[in-house]
Each structure stands twice: as C-alpha cells, then as structure tokens.
Amino acid sequence: MPTTIAKRRAAGAVVLLAGLALAALYFRLNPAHYPFPRCPVNWLTGLHCPGCGTQRALHALLHGRLAEAVGFNLLAATLAPLVALGLLHEARLQLSGQPRRRTLLYRPWLAWSIVGLTVVFTVLRNLPGPVGTWLAP
C-alpha cells in the first residue's frame with residue numbers, strides 16, 4: 001500500500017504534468033483559430049464573464065505578447081503570474097512531501113481581494129462606454 005508521501009508526490013507530479021500539457025496546448029494552438037469551448041455566459045446572455053478572453057490571453061502570454069494578452073483579458077493577464085506561482089508552489093510541496101505553510105498564497109485577505117477585484121472587473125467590463133469597451137475582450 002502506497003504511503004502518504006508517495007501519494008502526495010504522485011499528485012504533485014500529476015499537477016505539474018497537467019499544467020505543462022495545458023501550457024503546451026495553449027502555446028501550440030491559437031484559441032482564436034481552433035474550436036475551443038465558447039463561454040456559456042457570453043453565449044446565453046451576451047455579457048462578458050470575468051473569464052471571457054482568458055484562453056486567447058494565455059496564448060498571447062505564452063508567446064510573450066503582454067499588450068495583446070491585456071487586451072483580451074486584463075484580469076487574467078495580471079493574475080497569471082500569481083496562478084503560475086501558486087501551481088508551482090503546490091507541485092513543489094506535493095513532490096517534496098512538505099506540509100503546506102501559511103505563505104502569501106494562502107492568506108485569506110489575498111483570496112478575498114481577488115474575489116472583490118473579479119467582481120469589480122466583471123461589472124466594469126460590461127458597462128457601456130469607454131471603460132467597458134476597453135475591458136471587453
């Protein structure tokens with residue numbers, strides 16, 4: 001029977017490999033030219049959810065086109081480094097078998113700040129006018 005450390009290492013390896021596979025997919029295939037899933041919120045309501053444009057933004061980020069990524073989804077482009085850091089940190093902890101410590105990534109104030117920022121971003125990108133037009137994908 002596998003030990004807890006072996007299970008954690010296997011889970012860390014799976015997380016790391018899945019992240020690398022997803023990054024390779026978005027690097028290779030441009031979501032604007034392939035049938036990637038369409039946003040159901042936008043399809044049903046015509047409104048832009050906070051994730052609209054994220055696939056195209058990730059493709060642009062992986063190719064080093066920051067301005068283009070910001071144009072597709074400002075929130076995704078600015079939070080992508082934090083998400084990548086969190087995934088790498090989690091994979092490292094899982095692979096090493098170390099316990100999770102209360103680092104910056106696990107602070108409640110950070111999570112609530114991101115939730116609040118996401119709500120504000122969603123409202124602003126759906127407003128008529130120049131701000132909504134600028135934030136829309």
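## Overall architecture

Among contacts in the chain between residues at least 6 apart in sequence, 52% join residues at least 24 apart. The model described here is a predicted one. Its chain has 137 residues, of which 26% count as buried.

The secondary structure consists of seven helices and zero strands. Read from the N terminus, the order of elements is α-α-α-α-α-α-α. Along the principal axes, the C-alpha atoms occupy a box of roughly 60 × 35 × 30 Å.

## Helix H1 and isoleucine 5

Helix H1 covers residues 4-28, and isoleucine 5 lies within this helix. The relative accessibility of isoleucine 5 is 45%, so this residue counts as partly exposed; the range for that class lies between the limits of 20% for buried and 50% for exposed.

Isoleucine 5 and leucine 25 stand 20 residues apart along the chain, and a distance of 30 Å separates their C-alpha atoms.

## The contact of H1 with H3

Two packed helices are described by the angle between their axes and the distance between the axes. For helix H1 and helix H3 (residues 54-62), the axes come within 8 Å and cross at roughly 90 degrees. The two helices, H1 and H3, are therefore roughly perpendicular to each other, since angles of 65 to 115 degrees fall in that class.

On the H1 side, the residues that meet H3 are Ala23, Tyr26 and Phe27; their partners in H3 are Gln55, His59 and Leu62. Sorted by class, this contact of H1 with H3 holds four nonpolar residues, two polar residues and no charged ones.

## Helix H5

Helix H5 comprises 23 residues, numbered 74-96. At 1.5 Å a residue, H5 should span 33 Å, and the 34 Å between its end C-alpha atoms agrees with this expectation. The expected figure rests on 1.5 Å times one less than the number of residues. Helix H5 also contains a kink of about 40 degrees at alanine 80, shortly before proline 81.

Which residues of H5 are buried? They are Leu75, Ala76, Ala77, Leu79, Ala80, Gly86, His89, Glu90, Ala91, Leu93 and Gln94.

Key:
Residues numbered from 1 in each chain as written. Predicted model: local features only at pLDDT ≥ 70, side-chain atom pairs only at ≥ 80, totals over all residues. Heavy atoms only, no water. Axes fitted to C-alpha atoms, helices over the stretch in contact; angles between N-to-C directions. Helix = DSSP H or I, 4+ residues; strand = E, 2+ residues; numbered from the N terminus. Parallel < 35°, antiparallel > 145°, perpendicular 65-115°, else oblique. Contact = heavy atoms within 4.5 Å. Nonpolar A, V, L, I, M, F, W, Y, C, P; charged D, E, K, R; others polar. Bend = angle between axes of the 7 residues up to and from the residue. Buried < 20%, exposed > 50% of the residue type's maximum accessible area, 1.4 Å probe, protein only.
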